[in-house]
Amino acid sequence: MKKGWGLTVYAVLFVAFVYGPVLILPLFSFNDNTFATFPLTGFTTRHYVDMLGQRQMIASLMNSLRIGLAVTVLATAIAIPAAISITRYRFPGKPAVLSMLMLPLVVPSIVLAVALLVIILRFLGLPLSLWTVAAGHVLVALPFCVSVLISRLEGFDQSLEEASRDLGCSPMQTFRRVTLPLAMPGVISSLLLGFIISFDEFVIAFFLTGTENTLPVYLYSQLRFPNKLPGTLALGSVILVVSTVLVITAEVIRKRGVQTDNPGDY
Amino acid sequence: MSDDTKTNRRGLFARGGLFADRARRREALTGIGLLSPALVVMISMLALPVGALVIMSFWTQNGFNLDTSFTLDNYRRLFARSDRVTEWMGMTFHLAYPVPAILMIKSLAMSLMATVAVVLLAYPMAYFLAFRVTRYKAAWIIMLTIPFWTSYLLRVFSWKVVLGYNGAINSGLMSLGLIDKPLEFLLYNPAAVVITLSHAWVSFVVLPIFVSLEKIDRSMLEAAADLGDSRSRRFRRIILPLSMPGTISAALMVFIPTVGDYVTPQLVGGNGGTMIGSLVQLLFTKQNNAPLGAAISLVMMGIIAVLVLIFLTLIGYWKMRARRAS
């Protein structure tokens, strides 16, 4: 079959379209100018140095790191048994439960945010804080963690688990010695992806945070000030690099190890 | 947890009877038990809050006081008719408070345009990935996954930098001498919102479409080729129909959340590009009318749900007709 070049050209253009605008941020963050304009006027790292001096930014970075870690550990710990249940057990109503677990993916995040806001403020009477942000983030991270783990658990040979049971291991032993090690790449990528979701999430954090900011909320507050643009560009570039490194790590780990012929497991 | 739920499925107790029932019940209970933490999260942080939103929508806000007596006033206000006619985009609204209705229609239209653009942009890419890429497939997949995971806020913000008055396009064209003063129509309008939404969501659908294309049995294509079908015919009669369910569900995964998007209209929409999400945010903050905001978000969800159901029913109907015709 003759292979046309048309699609290859399209694919290259597509990647350029997807990456181009985003790469503008790091490009201008090294430009020696207070405006993000062409022509480039010279190379500088001073925007990055300035950024490090901003106490508020460092504080919101620490908040985001703390929330991200707590959220991803919690979401993954909840997602592991859920994914095992969905891939290994039969029970009535499973499709309904699975689609309910995926609901936060399709509900607009502003609806999730105001719904949580109403119940937290009016019905529970709790103050808004980083805890309420973390709670909201667990909700949005969970569907991702569950689906990463499901695709991993479906990807390896279940007869290994059956063998372990036949050889006299208890379910707990089978889980610790067979299932968990085999699922480990999935667990690690679930941890990394859950962290990224929380670290990058803006709308829920914007609504549910109290006096303290997360990094995206801080970034958003800086967008209003044109004179702070270079610092914002630098901060944005750092966030981009961090997420990219984490995603690549998560994806590489997920694909390594046990080979799979499940086409859904990409 | 019991250690024989699994083996019982096939062993002595496989066929009928009390033991099979008991084993199956035990399996079901263990399964639900393992799911329970996730269910607790979903119920306490999704179902109950949405329930609270529903209750809130039946209350009213009087200045600083929240009146908690049950009333349908918020909903009535959204649909109340009036002799005053508001015109927008050639449509006339006989509503006393037309802002939500106009913003809703506008949000649906913009979101629909973005969804169509996203699918049209992503499908050829997914096709390329599924049928043309043979080497470095994993690298391609990772490359297309990264943008999806990078901050949504930053992807939207980057368009502000690209399209802005002092932005990359304007300054680039000016330094090339193609224009004398910045083009003002680039940013702060509905088109900018649609472009930004398409860009921000396109990486979300490439992989689902790719998965549905990758699942297609290649021997069917070979059979069709052997029987003399041309490439375009193979695409129309095999690839397109078989990848349709995956493509449609990917499209819905874009359409539903983008209707209520808040970040994009806020950053690149300006006054002309506001959407319903901006109104909800305003009502919950500056305008201090959470009950009305709750009613609007629920009506929005309801309208989206109805539209999606109509769409899916139509698809089912077309499928049935197609089957009867063949």
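Where in chain B does N288(B) lie? N288(B) sits in the loop between α12 (276-284) and α13 (290-325) of chain B. Helices here are DSSP runs of H or I with at least four residues, strands are runs of E with at least two, and both are numbered from the N terminus.

This is a predicted model, in which local features need pLDDT of at least 70, side-chain atom pairs count only at pLDDT 80 or more, and totals for chains, interfaces and linings use all residues. Residues are numbered from 1 along each chain as its sequence is written, chains are lettered from A and ligands numbered from 1 in the order in which they are written, and side-chain values use heavy atoms, with hydrogens and water left out.

## The two chains

Start with chain B. Chain B has 13 helices and four strands. Its radius of gyration is 26 Å, well over the 20 Å that the globule rule gives for 326 residues, so chain B is more spread out than a compact globule. That radius is taken over C-alpha atoms, and the globule rule is 2.2 Å times the number of residues to the power 0.38.

Now chain A. Chain A has 11 helices and zero strands. Read along the sequence, its pattern is α-α-α-α-α-α-α-α-α-α-α.

The table sets out some values for each chain.

| Chain | C-alpha box along the principal axes | Buried residues | Accessible surface |
|---|---|---|---|
| Chain A | roughly 70 × 65 × 30 Å | 54% of 266 residues | about 11700 Å² |
| Chain B | roughly 75 × 65 × 40 Å | 52% of 326 residues | about 16200 Å² |

Buried means under 20% relative accessible area, exposed means over 50%, and partly exposed is in between (1.4 Å probe, protein chains only). Accessible areas come from the Shrake-Rupley method with a 1.4 Å probe; for residues, only the protein chains shown count as cover.

Carbon and sulfur atoms hold 69% of the accessible surface of chain A. In chain B they hold 64%.

Next come contacts, meaning heavy atoms within 4.5 Å. Take the contacts in chain A between residues at least 6 apart in sequence: 72% of them join residues at least 24 apart. For chain B, residues 24 or more positions apart account for 60% of the contacts with a separation of 6 or more.

Then charge. Lys and Arg count as positive, Asp and Glu as negative; His and the chain ends are not counted. Each charge is placed at NZ of Lys, CZ of Arg, CG of Asp or CD of Glu. Chain A has 18 positive and 13 negative side chains, and the centres of the two sets lie 3 Å apart. Chain B has 31 positive and 16 negative charges, with mean positions 5 Å apart.

## Where the chains meet

The size of an interface is often given as the accessible area lost when the parts come together. Here, buried area is the accessible area (1.4 Å probe) that two parts lose on being put together, summed over both. About 8400 Å² is buried between chain B and chain A, and carbon and sulfur atoms give 80% of that area. On the chain B side, M42(B), W149(B) and L154(B) lose the most area to chain A, together 9% of what that side buries. By contacts, 93 residues of chain B touch 92 residues of chain A.

In α7 (residues 168-175) of chain B, A168(B), N170(B), S171(B) and G172(B) are buried. The buried residues of α7(B) pack against α1 (6-29) of chain A together with α6 (152-163) of chain B. After α7(B) comes G177(B), with a positive phi near 80°.

## Single residues

Is E161(A) buried or exposed? E161(A) is buried, with a relative accessible area of 8%. Its place is helix α7 (residues 159-166) of chain A. Leaving aside neighbours within four places in sequence, E161(A) is in contact with R88(A), F156(A), T174(A), V178(A) and T179(A).

V40(B) lies in helix α2 (residues 17-57) of chain B. V40(B) counts as exposed, at 53% relative accessibility. V40(B) and K286(B) are 246 residues apart in sequence and 33 Å apart in space, C-alpha to C-alpha.

Two loop residues remain. Y136(B) lies between α4 (99-132) and α5 (137-149) of chain B. Y136(B) is not a glycine, yet its phi is positive, near 55°. Y136(B) is exposed, with a relative accessible area of 58%.

Back to N288(B). N288(B) is not a glycine either, and has a positive phi of about 45°. N288(B) is partly exposed, with a relative accessible area of 27%.
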